[in-house]
Every structure is written in structure tokens, then in C-alpha cells.
Amino acid sequence: MVGEQIIPFVDAAATLGFVVGAGIGIRNYQDTELERTFWASFVLVSVTGALWMGLVTVEWFGISGELMDTLSTSLQAIVLGVFSVGSIGTMAVVADLKESQAETERRRAEAEQARTEAERSKEEAETAREEAETAREEAETSRKEAETLNDHIETKATAFSAVMDRAAEGDFTKRMDPESQNAAMTEIAESFNGMMDEIEETVAQIRSFADRVADSSREVTTGAEESQRASEQVSDSIQTISADAEAQSEQLRDIATEMQSLSGTVEEVASSADEVATMSRQAAETGRNGQDAAAEAVDEMTAIETKSQETIDEIESLAAEIDEIGEIVDVINDIAEETNMLALNASIEAVRAGEAGDGFGVVADEIKQLAGEVADATNDVETLITEIQTSTETAVADIREMGDRVASGTETIDVALDSLDEIASKVEESNRSIQEISAATDDQATSTESVAGMIDDVAEKADQVNTESENVSAAAEEQTSSLTQVAQNTRSLSDQADELQRRLSQFSIDEAAAGAAGVEQGPTAADGSGPAVDR
Amino acid sequence: MTEEQTLSTVFETFGAQTIVVLIIALIGLVPVVLYRQKTPRWFVLAYGFLFVAAFATNFENVLLPTALNLTEHFVGNLGAGVAFAVAAYTYRRKNIDTDGTEGEA
């Protein structure tokens, strides 16, 4: 079995593991203090384990025996016992020791911190005591200084009162001396001086402003009077505009009436154009019908021409046959003459024959008579044939003439047909034009109505303009009245500005200093209790 | 059967020394179980492998000789060797090289 064959290698690997564990355990033993006992036990167990596994491995290579078994089992027992009791137990003890050490360390740190806190509190108490002593000494010094300061303050208050009296009388050029042993008095003097500087500057600004107000009031008065005049002109102009707008409105109403009349006329024209368009369509239809009739006439004329040609051919054929009949009649006539000659000869012979020939003579007379009748009949026939030939020639000539006329009529009809085509085309063009005229007339009627409506709107707008012009005219009149009032007010404002200038002139200020942007402190007295100073 | 005869039969089956090993292993379980919370787990595991090896050594003559023999060597012996090396190394990494105070327990 493969597993059993590699068991020696497995045991050798286990031996190596124990050896490695022993090596690392030795290093851990060297690098630790508290756990040294544990690592000594661990190294012992690892070395014992390595020996045990070494013996087991060696047994697989044939080195065995009772002694080897006893050693192996004993080493295994040592490993188990020492590791469980020695190593694991020691590790637990070490863990307890570590916890105890950590707790001790923590308590020691707390005690150290408490000691530090106590020392700091002691130092703070000492410092507080020293500060209290210093404060007491400072209080004594302050009391003495306060007495001196009180006298100084009374002197300064007297000087400050004088300056304030001058300021109350309108003299803003006086200042308090800020030099003082007391900071509050210095602050009061500086604040008062700053306030006086600001008042002085403000009075100067008010004077300047009053001057500008007076100038502006005069300009405004002038402007208001000009505006009043302009407003009156505007009012007149607006009244004129109102009158023009009213006239314009009247004219627009007339135009609207005319446009409505024009709209009616255009509608009538549109109606007439519609009727003309209808008639044009009918004419075009009639032209197309005429074209059809002419075409049928041409067809009929062509048929007549063909038929007349056939008739001419038949008549000419008939004439040829009549000629043949005439020839036959000539033959019959010749035969009748010959028969008459024979009958004459027969009569002569009958006469010669005598009585025997009487009967023959009678027959010959009869034949002669018949021949004569035949000759007469043939003459009649020839006469008739001649008449027929004459009639036939006349008929042929008439038919030819009729054919010529039919051809001429056909050409005339063709010309008429072309004319009808042209007429129909023109009529259709006229029809389209008339339709366009009709549509344009309808559009024109619509536009005319729209224009009439717009003119009505414009007339209404003109009425509104007229009304607004009247309102504006009234407003302009009110504005004129207001401007008159404004002019009066501005004159009053100008008077008040003059009064303001007069009152401001009662205040005394340093114009040059007040004109500057900043407040400059004037010269002061040499000592802190000196009199007031001028700017 | 007398008591002497019974012990004789047991020793013949298991062997006197191996029984001693098994008894020591069982006794050694007591501190391991008691201090398992305070002991790094690789050390507890190492003892577990040693116990497996002792158990398999004793019982391979009674039942499943091949399987228990393989268990003894592959699990018990090899596991114990490896666990010893790993236990020492991990303890050093966590508590000595980093100079920390936090243990695995």
C-alpha cells in the first residue's frame, strides 16, 4: 500500500516539524522574559518529540527491537505528560501573570497620574495665594491712584463742561483735551472730539447740500415752468390729434361703407363671372358636339363621294352596254334592210311568177312590211339609245360635278372642322380663363370683405385713439395743472433752501478742516487739565 | 475469570507501555481542557494531534489496524510536528516580533 510506504517520510517530516518548533522555541526563550519557563518546557517537549519521531522513523528502516519500542513509548509518554502539564499549564500561568502584570501596571499608572494631579493642585494653590497677595497690594495702590484720579477727573470735567457749553451755543470749533490720567476721560474727550468732527463735517456737508438744493430748486423751478409750457403745447397738440383722429375715424367709416359697396359689386361681378363660366362651359360643350357632327358629316360626305364614284362607274358600264345594244340594233337594222331588199326581190319574183307567185308576193309584202316595222323599231331604239346615252353622259357629268362638289364640301367641312377645333380650343381656353377670373373674383370678393372688416377694425381703433386722445388731452391738462403746482412747490422749496442756508450759517465751523475727508485733531493744551482748544 | 487474568488479557492485547501512554494522554487532557481559553489554539491543536497518535497507537492492534496506523502517522505524528512548528512561529509573530501584548487566547 502506497500510504504505508511513505509513512517513514511522514514521520521524518514530523521529526523536522519538532526540530523547527524546538529552534523557534529557543529563539522565543531568548527573546522573552515572562514566558521563559514555558518556552524552556516547550523546547524540552520539542526535542523529546524529535527524538521520539526519530526513533519511530529509524524503526521503519529495520532498526527495531524491544529497547527501541520501550524508548519510543517512553518518549511519547514524556512528550504527552510534559506538554500537557508543563507547557500548557505554564502557558496558563503566564497568561494569568500577564493579566496581573497589566493590571498592576494600570494601577501604577493611575497612581502616578493621581500623584501628578495632586502636585499640580498644590502648585495652583500656591500660585493663587501669591496672586491674592499681589492683588491686595495692587488694590492699595489703586485706592491711592483713585484719589488722585478723582481730583484730576473733577478738573477735566470742568474743562469738558466749558467745551460742551460752547458747542451748545453753536460753536463747533472747540475741542476737548484728550490728555488725561484717566483712560475713560481720554476716551470721552476723543469720542466727543470725534463726534464734534463728525458734526462739523455733517454741518459742512449739509451746507453744501443746502447750496446744491437751492441751486437744484432753482433749476427745477425753471425746468418745471418749461415743462408746464411744454405740457400745454402737448395738450394743444393732443387736442389737434384728437380732432384729426375723429376726422380720420369718419373717413374710415366712409371708406368702410365704400368698401362694403365695392364688396357687393365684386360679388355681383363674381356671380356674373360664374354665369359666364357656365355659358363658356356650355359653348365648349356645343363646340365639342359640333366637332362630332362635322366629323360625322365628313364621314357621310366621304361615303357619298364613294357612292357617286360607284354610280359613275355603273352608269359608264351601262353606257358601254347601251353602245353594244346600239351595235346590235345596227345589225338588226341592216338585217331589216336586207330583209326589205329580199322582200322586194321576192315581190318582183312573185310578179314574174304571176298568179303562182301571188301568194309568195303577199308573203313578200308582209315580210317587207315587217322589215319596215323592224327598221322603224330599230330607229326608235337607236333614238332611245341616243337619248339614253345623252342622258347617261349628262348623268355622269352631273354625278362627277356632284362628286366634285362633295369633295369640295368635304374640304369645306374639314376647314369648318378645323375651325370648330380651334373654336373649341379657344372656348376651352376662354373657359379656363373665365374660371380663373371667377375664382379670382371670388378671392377678390373675400379679400374685399376682409378689407372691409379690417377697415371697420381700423375705424374702431381710430375711435379708440380718439377716445384715448381725449383721455390723454385731459391727462395733459391735469399734468399741466400738476406742473403748475410743482413749479409753485419748487419755488417754495427754493425759499426753504435759502432759509436752511441762513440757519446753517449760524453754526461756526472750520471750513478748511471740515472740507477734508478725515477728522484731524487740533492743537491741545500742554497739560491734561488745560482749557478747551481751537481747531 | 479473576482480576489478574483480566489485566493479563488487557496487557496482552494493548501492551503495558502503550496503556500507560494512553492513560497519560487522558490525564493530560485535563489541564488542556481547563486552560484552553488561555492557551493559544495551535498549542491546543498540537496536544490534540499527540492525543490522536496515542489513541491510534493503542487501538490499532484491536480494530482497523491499517486505518488507525495511517491515522497515527499521517494525522497524529505529522500533525503534532507541524503544529509544534506553527505554534511556536505564530506565537513569535504575534507576541514577540510585533512586541505586542495581545495573545491568541
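Mentor: Buried means under 20% relative accessible area, exposed over 50%, partly exposed in between (1.4 Å probe, protein chains only). Leu16(A), at 53%, is therefore exposed. Bear in mind that this is a predicted model: local features need pLDDT of at least 70, side-chain atom pairs count only at pLDDT 80 or more, while totals for chains, interfaces and linings use all residues. Numbering runs from 1 along each chain as written, chains are lettered from A in written order, and side-chain values use heavy atoms, without hydrogens or water.

Leu16(A) sits in helix H2 (residues 7-31) of chain A; helices are DSSP runs (H or I, at least four residues), numbered from the N terminus. Together with Val19(A) and Val20(A), Leu16(A) makes a nonpolar surface patch of about 250 Å². Patch members have over 30% relative accessible area and no salt bridge, with nonpolar side chains joined within 5 Å and like charges within 9 Å; the areas are Shrake-Rupley, 1.4 Å probe.

Helix H2 also has a charged story: Asp31(A) and Arg92(B) meet in a salt bridge at 2.4 Å, N to O, a pair that crosses from helix H2 of chain A to helix H4 (residues 65-97) of chain B. A salt bridge needs a Lys or Arg side-chain nitrogen within 4 Å of an Asp or Glu carboxyl oxygen. Over all chains, the structure holds 20 salt bridges.

Key:
Helix = DSSP H or I, 4+ residues; strand = E, 2+ residues; numbered from the N terminus.
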